[in-house]
Amino acid sequence: MWGYLTDAYNWSGNEGIWARILEHLWYTFAALGISAVIALPIGLRIGHTRRGAFLAINLGNAARALPSLGLLMLAVLITDQIGFVPVLIALVALGVPPILASTYAGLSGVDPATIDAARGMGMTGREILTKVEIPIAMPLIISGLRGAALQIVSTATIAALVALGGLGRYVVDGLKLRDFPQMFTGALLVALLAIAIDALFALIGRVAVSDGLKAD
């Protein structure tokens, strides 16, 4: 594996390691962005109104139990194609539940007395949501995004199963060719990329969360 990593040839070109890392990041953040666009508004609405929580959260928990490979095959059957779209559908299905659950949990955990005080100051429902509930819930919202990002980046290796790139290419091709240094290199790079993304969201959390809500 060390020999594979230190060979400059393996890092260059359209199929080199740098190119595969960029492909993997593209799959990850495209799926994470769509997951956030879907899950954040739903989670915010449910957490703010306290309505529809049972259905949404239980659907989210059920989606978590679905195997990623099964989701990919189902997406291929639904779209009747092999490529980026079914991979994106499968990754989004994995990314939505943690974002939805954490967003709802963050808003529903806001002290009712705090909301009543804000309402007593004359704040509208929208102002209470944006100026009180979301800032207080921000640690859990970011935690949901962080969990979804880790879930997606580790699962994006399935893209290689439908003729796409990414770091999963090394795992799939290495297994097929019995090239274990290549396979282990792919697994190591996915793990390192997950650690880097986790560190990025930890930094975002430190910046975005109000000082009054940070742990000592």
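Author: Start with the word helix. A helix here is a DSSP run of H or I with at least four residues, numbered from the N terminus. Arginine 178 lies in the loop between two such runs, helix 8 and helix 9. Keep in mind that this is a predicted model.

Reader: How many helices and strands are there in the protein?

Author: The protein has nine helices and zero strands. From the N terminus on, the elements read α-α-α-α-α-α-α-α-α. The C-alpha atoms fill a box of roughly 65 × 40 × 25 Å along the principal axes.

Reader: What makes arginine 178 count as exposed?

Author: Exposed means over 50% relative accessible area. Arginine 178 has 58%, so arginine 178 is exposed. Phi of arginine 178 is near 60 degrees, a positive value in a residue other than glycine.

Reader: Where does aspartate 80 lie, and what is its phi?

Author: Aspartate 80 lies in the loop between helix 4 (68-79) and helix 5 (84-108). Its phi is about 55 degrees, positive although aspartate 80 is not a glycine. With a relative accessible area of 69%, aspartate 80 is exposed. The cut-off for that word is over 50%.

Reader: Back to helix 8 and helix 9. Why are they called roughly antiparallel?

Author: Look at the angle. The axes of helix 8 (residues 168-177) and helix 9 (residues 180-208) cross at roughly 155 degrees. Angles over 145 degrees count as roughly antiparallel. Therefore helix 8 and helix 9 are roughly antiparallel to each other. Their axes come within 7 Å. The crossing of helix 8 past helix 9 is left-handed.

Reader: Which residues make the contact of helix 8 and helix 9?

Author: Helix 8 brings Arg169, Tyr170, Val171, Asp173, Gly174 and Leu175. Helix 9 brings Gln182, Met183, Gly186 and Ala187. By class, the contact has five nonpolar, three polar and two charged residues.

Reader: What makes the pair of aspartate 173 and arginine 169 a salt bridge?

Author: A salt bridge needs a side-chain nitrogen of Lys or Arg within 4 Å of a carboxyl oxygen of Asp or Glu. In aspartate 173 and arginine 169, the closest N and O atoms are 3.1 Å apart. That passes, so the pair is a salt bridge. The two residues are four residues apart in helix 8, which means about one helical turn separates them. Arginine 169 counts as buried, at 14% relative accessibility. Buried means under 20%.

Reader: How many salt bridges does the structure hold?

Author: The structure holds four salt bridges. One of them joins arginine 119 and aspartate 116, with the closest N and O atoms 3.2 Å apart. Arginine 119 and aspartate 116 are three residues apart in helix 6 (residues 112-120), or about one helical turn.

Reader: Why is arginine 119 called partly exposed?

Author: Partly exposed is what lies between buried, under 20%, and exposed, over 50%. Arginine 119 has a relative accessible area of 47%, so arginine 119 is partly exposed.

Reader: How do you know that arginine 146 and aspartate 198 form a salt bridge?

Author: Their N to O distance is 2.6 Å. The limit is within 4 Å. So the side chains of arginine 146 and aspartate 198 meet in a salt bridge. Arginine 146 lies in helix 7 (residues 125-155) and aspartate 198 in helix 9, so the pair ties together parts 52 residues apart in sequence. Arginine 146 is partly exposed at 29%. Aspartate 198 is partly exposed at 24%.

Reader: What makes glutamate 133 count as buried or exposed?

Author: Glutamate 133 is found in helix 7. Its relative accessibility is 1%. Buried means under 20%, so glutamate 133 is buried. Glutamate 133 touches His48, Arg50, Leu107, Val110, Ile115 and Ile128, leaving aside residues up to four places away in sequence.

Reader: And what does threonine 185 touch?

Author: Threonine 185, found in helix 9, touches Met1, Tyr4 and Leu5, again not counting residues up to four places away in sequence. At 0% relative accessibility, threonine 185 counts as buried.

Conventions
Residues numbered from 1 in each chain as written. Predicted model: local features only at pLDDT ≥ 70, side-chain atom pairs only at ≥ 80, totals over all residues. Heavy atoms only, no water. Axes fitted to C-alpha atoms, helices over the stretch in contact; angles between N-to-C directions. Parallel < 35°, antiparallel > 145°, perpendicular 65-115°, else oblique. Left-handed = near helix turned anticlockwise from the far one by under 90°. Contact = heavy atoms within 4.5 Å. Nonpolar A, V, L, I, M, F, W, Y, C, P; charged D, E, K, R; others polar. Buried < 20%, exposed > 50% of the residue type's maximum accessible area, 1.4 Å probe, protein only.
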